[in-house]
Amino acid sequence: MDKLEEIFTMQEALNARIGVQLPPPSDEEKAKWILNYTRAMQQETAELIDSVPWKWWAKYQKFDEQNAKVEVVDLFHFLVSLAQTLGMTAEDVYQAYLKKNAVNHQRQESGYVKKDEDDSKHI
């Protein structure tokens with residue numbers, strides 16, 4: 001088992017421990033959990049922002065790199081759960097990442113001068 005698969009397995013076990021079975025059985029439940037996880041990710045992102053001195057007018061702030069790392073991992077927990085909500089496996093995420101990464105490189109090579117939603121439809 002590779003590391004990403006192990007993370008997905010661990011997250012599935014954690015979700016089961018707190019009573020969450022993914023993917024949800026209905027579109028209504030799926031929509032609910034997508035909102036739950038994206039809201040949780042928004043909060044974790046806010047906590048990550050608070051780890052860096054973003055108040056340019058305040059002199060008391062310090063960069064808390066250790067906490068920033070923890071917040072990134074918290075985000076990853078919710079991101080994996082979000083993928084699982086959508087029925088994605090570690091392999092699905094990996095394959096989609098490969099395809100989207102290729103699209104992003106192609107966009108850079110072409111100068112990314114126009115928006116083309118069709119370039120990601122195959123992912």
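A polar contact is a pair of N or O atoms within 3.5 Å; within protein, one of the two must be able to donate a hydrogen and the other to accept it, and residues adjacent in sequence count only if both atoms are side-chain atoms. Keep that in mind while we look at Gln 61. Its side chain reaches the backbone nitrogen of Trp 54 at 3.4 Å, and the backbone nitrogen of Lys 55 at 3.1 Å.

Before going further, a word on what you're looking at. This is a predicted model, in which local features need pLDDT of at least 70 and side-chain atom pairs count only at pLDDT 80 or more, while totals for chains, interfaces and linings use all residues. Residues are numbered from 1 along each chain as its sequence is written, and side-chain values use heavy atoms, with hydrogens and water left out.

Back to Gln 61, which sits in the loop between α2 (27-49) and α3 (65-85). Those labels come from DSSP runs, numbered from the N terminus: helices are H or I runs of at least four residues, and strands are E runs of at least two. Is Gln 61 buried or exposed? Gln 61 counts as buried, because its relative accessibility is 16%. The cut-offs are under 20% relative accessible area for buried, over 50% for exposed, and partly exposed in between, with a 1.4 Å probe and protein chains only. If you skip the neighbours within four places in sequence, Gln 61 is in contact with Pro 53, Trp 54 and Lys 55, where contact means heavy atoms within 4.5 Å.

Now for the inside of the model. In soluble globular proteins, nonpolar side chains tend to be buried together. A nonpolar core, as used here, is a set of buried Ala, Val, Leu, Ile, Met, Phe, Trp, Tyr and Cys residues joined through side-chain atoms within 4.5 Å. Which residues make up the largest nonpolar core? There are seven: Val 20, Leu 22, Trp 33, Tyr 37, Met 41, Leu 75 and Leu 82. Helices α2 and α3 each supply at least two residues of this core, and α2 gives the largest share, three residues.

Not counting residues up to four places away in sequence, Trp 33 touches Val 20, Pro 24 and Thr 85. Thr 85 itself is in helix α3, and Thr 85 counts as buried because its relative accessibility is 0%. With the neighbours up to four places away set aside, Thr 85 touches Leu 22, Pro 23, Pro 24, Lys 30, Trp 33, Ile 34 and Tyr 37.

Next, turn to the largest pocket. The search runs on a 1 Å grid over the protein atoms alone: a pocket is an open set of points with protein on both sides within 12 Å along at least five of seven lines, unlike a cavity, where a 1.4 Å probe fits but cannot get out, and lining residues have an atom within 4 Å of a point. The largest pocket has a volume of about 230 Å³; that volume is the space filled by probe spheres set on the points, which are joined across faces, edges and corners. Its lining consists of Leu 4, Phe 8, Phe 76, Leu 79, Val 80, Ala 83, Leu 86, Met 88 and Val 93. Both α1 (3-17) and α3 supply at least two of the lining residues, with α3 giving the most, four residues. By class, the lining has nine nonpolar, no polar and no charged residues. For this count, Ala, Val, Leu, Ile, Met, Phe, Trp, Tyr, Cys and Pro are nonpolar, Asp, Glu, Lys and Arg are charged, and the others, Gly among them, are polar.

Val 93, one of the lining residues, is found in helix α4. Val 93 is partly exposed because its relative accessible area is 25%. Leaving out residues up to four places away in sequence, Val 93 touches Phe 8, Ala 83 and Met 88.

Tyr 97 is in helix α4 too, and Tyr 97 is exposed, with a relative accessible area of 54%. Along the chain, Tyr 97 and Ile 123 are 26 residues apart, yet their C-alpha atoms are separated by 8.5 Å. Finally, Tyr 112 lies in the segment after α4 (90-109), and its phi is near 45°, a positive value in a residue other than glycine.
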